[in-house]
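I opened my notebook to look through this model one element at a time.

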Amino acid sequence: MSHGDLTMPAEIIRSSATAAAQTGSKAGRGTSVAIFSAYFASQGGGVEMTTGDLVAALRASGSQVEWIAMGRPSEASVAATPVAGTDFINERFGVPLPLPAPWALVAIWRGVKRSDIVIAVEVNFLLSAAGFLAAKLLRRPTIVIQHVGRPSTVSRFARAVMTLAEHLVVRPIL
C-alpha cells in the first residue's frame, strides 16, 4: 500500500469487533465499520488517500465498510454515504474546514447505528467529531486517527484555526 502498512489497524478493528459481537452486536457477517472523514479520497489530500487505503484493507479482511464524508466518492467498490455541507471557508480563506449541513446529522447517526465499530479520522473536522459523538452515544467501540502537532498549512490564519480546533475539540477527545 502506498501509505504504509495497515495490518495493525485491521487487527485492532477485528479484536474490537469481536468484543462488540460478544456484547450483543450484530453477528453472523463481517464486521460492520463506519469510517468518518472530512472528504473522500477523490479530494486528493494525504489523509483522505490513506483513509481510502484503510477502507480497502478493511474490506480485504472481510469487513463491511461504510465511508461517510463530504464530496463525491470516486471509489466505486466502496459503500459510501456522501453528506451535504459547505467548504466555503476553504474556498474563501484557504483553510480546509468543511461544515456538514445540519441535516447531515441524520446520515451520521444512521451510519453509526448500522456499524459494529466506528473510525473517526481527523476529529478536528466537524463531520468526524459528530461521528465520534454519535458513536459514544450509541456505545460503539471507536478508534480515532488523528494528526497532532503544528499544522503544515502555509497560512498563519490556517495554522491558528487548526491549532484552535486541536485545543477545543481534538485534545478533549483524545
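I worked with a predicted model, in which local features need pLDDT of at least 70 and side-chain atom pairs count only at pLDDT 80 or more, while totals for chains, interfaces and linings use all residues. Residues are numbered from 1 along each chain as its sequence is written, and side-chain values use heavy atoms, with hydrogens and water left out.

I looked up the strand order and found 5 strands in an open sheet, 3-2-1-6-7, with parallel pairing. Strands here are DSSP runs (E, at least two residues), as helices are (H or I, at least four), numbered from the N terminus; two strands pair if DSSP finds at least two bridges between them. Strand 3 (79-83) and strand 7 (142-145) are the edges, each pairing on one side only.

I then checked strand 6 (residues 117-121): 4 bridges join it to strand 7, and the two run parallel. Val-118 has Thr-142 of strand 7 as its bridge partner.

**Helix 2.** I traced residues 46-60, a helix of 15 residues that reaches 21 Å from first C-alpha to last, close to the 21 Å expected at 1.5 Å a residue (1.5 Å times one less than the number of residues). Which residue follows helix 2, and what is its phi? I found Gly-62 there, with a positive phi near 100°.

**Helix 5.** Lastly, I placed Leu-133 in helix 5 (residues 126-137).
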